[in-house]
Amino acid sequence: MTETHYSLVGDIGGTNARFALVEKGSVQPGAIEILPCGEYANLDDAVRDYLARVGVSEVDGACLAVASPVRGTQVRMTNNHWRFDIEEVRAQFGWSRFKVINDFTAMALGVPHVPDEHLVHVCGGPGDSRRPRLVMGPGTGLGVSGLVPIEHGWVPLMTEGGHVDFAPTDDTEMAVLRILKARFGRVSVERILCGQGLLNLYQAHAEIQGVAAPLDAPEKITAAAVENTDSLARHTLRHFCEILGRVAGNGVLTLGSTGGVYLCGGILPRFLEFFLESPFRNGFEDKGRMRPLLEFTPVYVVTEPYTGLLGAAEALGNPEV
């Protein structure tokens, strides 16, 4: 097989760019390399270096998932210095096609290709495989997408579901809302359900309880909660999981996604055991008369580290993207 039978796929975040090759007709990424964005002036330099590293002089097309909005042909990365024009890059490398998609759209498209051993069942089921799926991921922000089944594949939904209003359900959450509203004005669920959001929630609980909040980073809160060395951190992380459950349940009701909920991103796998014992399920199923619908819907944590690359490969041949 000649090298022009390969396509390039990438998943580019604020810090790292993951690149891989896929053969025609396949979505399985090979020759995966992770390159630090800060070491390259721009996308084209990183692509050239990647192709040199894997010993391929040219590919026939590319699909890149990027952590930024994609409008028109101009792409400005949200959390790094890269800027590029899609058509200019395509012409520069002589690619027959070049797609650029949002990173969470790629995450959603990758989900159907994740092997079972990288899916951890949380609760619920058996679900209905003919119905939509909900894909969510707390990370730098809160990504929300959906997959709608069509005859031979999936249509991904590009949503801003992370920016729906935070809806408190008891007096403590009313107090959390009041504290965060004083800081931010409007309070979306992303103000709580992301890395920075965990810190916001921890500080709010400290204020409610009238205690100090010595931990200053989400990873410190997570570690202290898991190791049970800080009761405030543990209380906060349990509450974080419960709110995530409620928001996921709301998404199922809105989208009708009894095909399943797939929780992606780098945060949850870091405290998977804690998460599985958390009140997530209570929050997810606590929907009054709709409880049976939520109990019927399976929820999984996705532990596949290259879901975005699988999705970029799927997007190459998916006319709906």
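Helix 1 passes helix 2 in a right-handed crossing, a term used when the near helix is turned clockwise from the far one by less than a right angle, the anticlockwise case being left-handed. This is a predicted model, in which local features need pLDDT of at least 70 and side-chain atom pairs count only at pLDDT 80 or more, while totals for chains, interfaces and linings use all residues. Residues are numbered from 1 along each chain as its sequence is written, and side-chain values use heavy atoms, with hydrogens and water left out.

**Helix pairs**

Two packed helices are described by the angle between their axes and the distance between the axes. Helices (H or I, at least four residues) and strands (E, at least two) are DSSP runs, numbered from the N terminus. Axes are lines fitted to C-alpha atoms, for helices over the stretch in contact, and angles run from 0 to 180 degrees between N-to-C directions.

| Helix pair | Axes come within | Crossing angle |
|---|---|---|
| Helix 1 (residues 43-54) and helix 2 (residues 86-93) | 11 Å | roughly 35° |
| Helix 5 (residues 195-209) and helix 6 | 8 Å | roughly 65° |
| Helix 6 (residues 218-227) and helix 7 | 8 Å | roughly 100° |

With axes that cross at roughly 100°, helix 6 is therefore roughly perpendicular to helix 7, a description that covers angles of 65 to 115 degrees, whereas those under 35 count as roughly parallel, those over 145 as roughly antiparallel and the rest as oblique. In this pair, Ile-221, Thr-222, Ala-224, Ala-225 and Val-226 of helix 6 meet Ala-233, Arg-234 and Leu-237 of helix 7, where contact means heavy atoms within 4.5 Å. The residues of this contact divide into six nonpolar, one polar and one charged; here Ala, Val, Leu, Ile, Met, Phe, Trp, Tyr, Cys and Pro count as nonpolar, Asp, Glu, Lys and Arg as charged, and the others, Gly among them, as polar.

Helix 5 passes helix 6 in a left-handed crossing. On the helix 5 side the contact involves Gly-195, Leu-198, Leu-199 and Tyr-202, which meet Pro-218, Ile-221 and Thr-222 in helix 6. By class, this contact has five nonpolar, two polar and no charged residues.

**A pocket**

The second largest pocket has a volume of about 380 Å³. A pocket is found on a 1 Å grid over the protein atoms alone, as an open set of points where a 1.4 Å probe fits, with protein on both sides within 12 Å along at least five of seven lines, and its lining residues have an atom within 4 Å of a point. Grid points are joined across faces, edges and corners, and a volume is the space filled by probe spheres set on the points. Of the 22 lining residues, Gly-161, Val-164, Val-247, Asn-250 and Gly-251 lie nearest the centre of the pocket. Helix 7 (231-255) is one of the elements that supply at least two lining residues, and its seven residues are the largest share.

**Backbone details**

Most residues other than glycine have a negative phi, and most peptide bonds are trans. Ala-31, however, has a positive phi of about 50° and lies in strand 3 (residues 30-36). The peptide bond from Gly-125 to Pro-126 is cis, with omega near 10°, and Pro-126 lies in the loop between strand 8 (119-123) and strand 9.
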